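Trainee: I have a chain to learn to read, and I would like to go through it by asking questions.

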Amino acid sequence: MSAQFSRARTVRRAVRPVAAPDAVTVEPPADGRTLPMVVRPKEADADLVAWATSGKEWLCAKLLEHRALLFRGWQVSDAATFQKFVAAVSDGEPLQYRDRSTPRDEVGDNVYLSTTYPAAERIELHNEGTYWTAWPQKLFFCCLTAPPVGGETPIADNRRIKERIPAAVRARLERLGVRYVRNYNHGFGLTWQEAYQTDSRAEVDRYAAANDTRTEWLDDDHLRTVQIRPATRTHPVTGEELWFNHAAFFHVSSHAPQVREALVAALGEDGLPFGTSYGDGSPLSDDDARAISEAYRAEETAFRWAEGDVLLLDNMSVAHARRPYEGDRKILVAMTDPVLGAPADAEGQR
């Protein structure tokens, strides 16, 4: 098993799944969208944790059917209640956020605030942990403070995204995989200490070796890592081959033109915080990356957060993003149920 995650022994509760559908309504969004399905309690004082505990099997079946569930009207108001819900519908403990690409503050046992990122900027669609060797199957969000303007968490179906990507681009990435190059401690992005949650270079090297990551120490404060990963992964339950990578998200073209120009001028192409190419090292062109990004955007759908909302995604099937916002916004995140995958070799094979 990857050193990144360990699965705790699960004590299975006795469940009565027949009670779950009787206590809720499950409906698509009112505007004709298919994601997410909205799960509301029939009783105003219903307890989400108690309901989920008794109906875990039914709930998980609904997640597999619809891939995204929005629990609305349950009034989850604190991190402790959210954490109990996560535990009720998961196998094992929440996963630690290590090998980070963005800063996050921990507010509970492996429960985090969503990415600390300037409010005026958008975070593009992606799936959690595609560059890890083990990634979460279940991804949870909880809205404690809804911003007055913007701040939605758009989502998109990876199955539909894959079909929109030009066939030649998709086939080449499926054959070769994706090569990720990351640089730490140029004064841009995360330090290696923050990304790997340690001050020990030896610990970083041990972690990297256990997780199919090559490290190169250019000096004490400059670490470069290289990872080669498949462009698609197989869903552990359905057997679907799903688009699951950060090829466009980490590509240099994801930056606004003026930001890209400044970064390249300061760091050079080889020194950028993030970079992607085909798995054999050949360039992923701006046009190819743009075509992938456009496929994501074409499938994007969003809803307005309400305080107390909980969103549960099948992380392999559904990508997520964040729109710019104004005012206060507090969204919690947890990741559970690790899926173990093989890395890609030089030809992208798993």
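The questions below go through a predicted model, one topic at a time.

Trainee: Is arginine 175 buried, partly exposed or exposed?

Mentor: Arginine 175 belongs to helix 6, which spans residues 167–176. Buried requires under 20% relative accessible area and exposed requires over 50%. The value for arginine 175 is 43%, so the residue counts as partly exposed.

Trainee: What distance separates the C-alpha atoms of arginine 175 and proline 28?

Mentor: Along the chain, arginine 175 and proline 28 are 147 residues apart.

Trainee: On which residues of helix 4 does the buried side rest?

Mentor: Helix 4 covers residues 79–88. The residues are Phe82, Phe85, Val86 and Ala88.

Trainee: Which residue caps the N-terminal end of helix 4?

Mentor: The cap is made by a side-chain oxygen that lies 3.2 Å from the backbone nitrogen of alanine 80. That oxygen belongs to aspartate 78.

Trainee: How many residues of strand 19 are buried?

Mentor: Strand 19 runs over residues 330–340 and is mostly covered. Of its 11 residues, the number buried is 9.

Trainee: How many bridges join strand 7 to strand 19?

Mentor: Strand 19 pairs in the antiparallel sense with strand 5 (residues 111–113) over 2 bridges, and there leucine 113 stands opposite leucine 332. Strand 7 (residues 134–145) is also antiparallel to strand 19, with phenylalanine 140 opposite alanine 334. The number of bridges between strand 7 and strand 19 is 10.

Trainee: Which residue of strand 12 is the bridge partner of glutamate 216?

Mentor: Strand 11 and strand 12 (residues 222–229) are antiparallel and share 5 bridges. Within strand 12, the partner of glutamate 216 is arginine 224.

Trainee: Why do tyrosine 131 and tryptophan 132 count as an edge-to-face pair?

Mentor: The count of aromatic pairs comes to 18. Ring centres must lie within 6.5 Å, and planes over 60 degrees apart count as edge-to-face. For tyrosine 131 and tryptophan 132 the centres are 5.9 Å apart and the planes stand at 65°, so the pair is edge-to-face.

Trainee: What is the angle between the ring planes of phenylalanine 303 and tryptophan 305?

Mentor: Phenylalanine 303 is buried because its relative accessibility is 6%, and tryptophan 305 is buried with a relative accessible area of 6%. Their rings form an edge-to-face pair, with 5.0 Å from centre to centre. The angle between the planes is 70°.

Trainee: Which residue lies over the face of tyrosine 97?

Mentor: Tyrosine 97 is in one aromatic cluster with residues including Tyr112, Tyr131 and Trp132. The residue over its face is 4.4 Å from the ring centre, and it is arginine 104.

Trainee: What is the distance from arginine 172 to the ring centre of tyrosine 278?

Mentor: Arginine 172 lies over the face of tyrosine 278. The distance to the ring centre is 4.0 Å.

Note on methods. Residues numbered from 1 in each chain as written. Predicted model: local features only at pLDDT ≥ 70, side-chain atom pairs only at ≥ 80, totals over all residues. Heavy atoms only, no water. Helix = DSSP H or I, 4+ residues; strand = E, 2+ residues; numbered from the N terminus. Buried < 20%, exposed > 50% of the residue type's maximum accessible area, 1.4 Å probe, protein only. Pairing = 2+ DSSP bridges. Phe/Tyr/Trp six-rings, centres within 6.5 Å; stacked < 30°, edge-to-face > 60°. Lys NZ or Arg CZ within 6 Å of the ring centre and 35° of its normal. Polar contact = N/O pair within 3.5 Å; in protein donor to acceptor, adjacent residues only side chain to side chain.
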